Amino acid sequence: MSNLEHRYEVRSREERYRGRIFDVVTEEVTMPGGGTGVRDLVRHVGAVAVVALDDAGQVVLIRQYRHPVGRHLWELPAGLMDVSGEELPVAALRELAEEADLTAGRVDVLVDLHSSPGFTDEVVRVFLARDLADVPLDERHERHDEEADLQVVRIDLDEAVAMVLAGEVTNASAVAGLLAAARARDTGFTTLRRADAPLPR
């Protein structure tokens, strides 16, 4: 077996849709053994999510309506990288404040994931936030649309992991973040990366 990987080259590209959050394109790509294949893909701005872990070992979960699946899901505080020039840790702290009314004195990288690499290039960086404090009442974000009926709860991290394994938490970044947070806790938080660690390429 050869150690050389096939180089997948884009022969042509057609933009099907351009939006604020994602674009849809069709690309013709060279395939191993000759020939080409056509692939539809979604180019995405990327996202951040936050496992907020308090001093009692509880994490913040949010229950939010997601229209594509037609129901409410348990998730982490999270959001899009749709503010020009915003650094990932700053975005994570912004989302934590907007969705959970919390600030954090310490932020580290837990895990990075390609949310669904069969059709999108979306990368989600999941942070671990600790040293939590409440955002003052007069500084809290006013929530609109689906965020207006957010349910925010704190539960023990092990209970959240049990929810993942029982199929009660299915959001990809929440699954990855909660399992990674439990592993990080169990290893004394020695495997965390700095908040400004580069994204995978």
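Author: Strand E2 (residues 22-30) and strand E3 (residues 36-44) pair in the antiparallel sense over nine bridges. This is a predicted model, in which local features need pLDDT of at least 70, side-chain atom pairs count only at pLDDT 80 or more, and totals for chains, interfaces and linings use all residues. Residues are numbered from 1 along each chain as its sequence is written, and side-chain values use heavy atoms, with hydrogens and water left out.

Reader: What makes E2 and E3 a pair?

Author: Two strands pair if DSSP finds at least two bridges between them; E2 and E3 have nine. In one of these, Val-24 has Val-42 in E3 as its bridge partner. Strands are DSSP runs (E, at least two residues; helices H or I, at least four), numbered from the N terminus.

Reader: Why is the pair of Tyr-17 and Phe-22 called tilted?

Author: Rings of Phe, Tyr and Trp (its six-membered ring) pair if their centres lie within 6.5 Å; planes under 30 degrees apart count as stacked, over 60 as edge-to-face and the rest as tilted. Tyr-17 and Phe-22 lie 5.7 Å centre to centre with 45 degrees between the planes, so the pair is tilted.

Reader: Why does Tyr-17 count as partly exposed?

Author: Buried means under 20% relative accessible area, exposed over 50%, partly exposed in between (1.4 Å probe, protein chains only). Tyr-17 has 43% and therefore counts as partly exposed; Phe-22, with 33%, is partly exposed too.

Reader: How do you know that the charged end of Arg-130 sits over the ring of Phe-189?

Author: The definition asks for NZ of Lys or CZ of Arg within 6 Å of the ring centre and within 35 degrees of the ring normal. The charged end of Arg-130 is 4.3 Å from the centre of the Phe-189 ring and sits over that ring.
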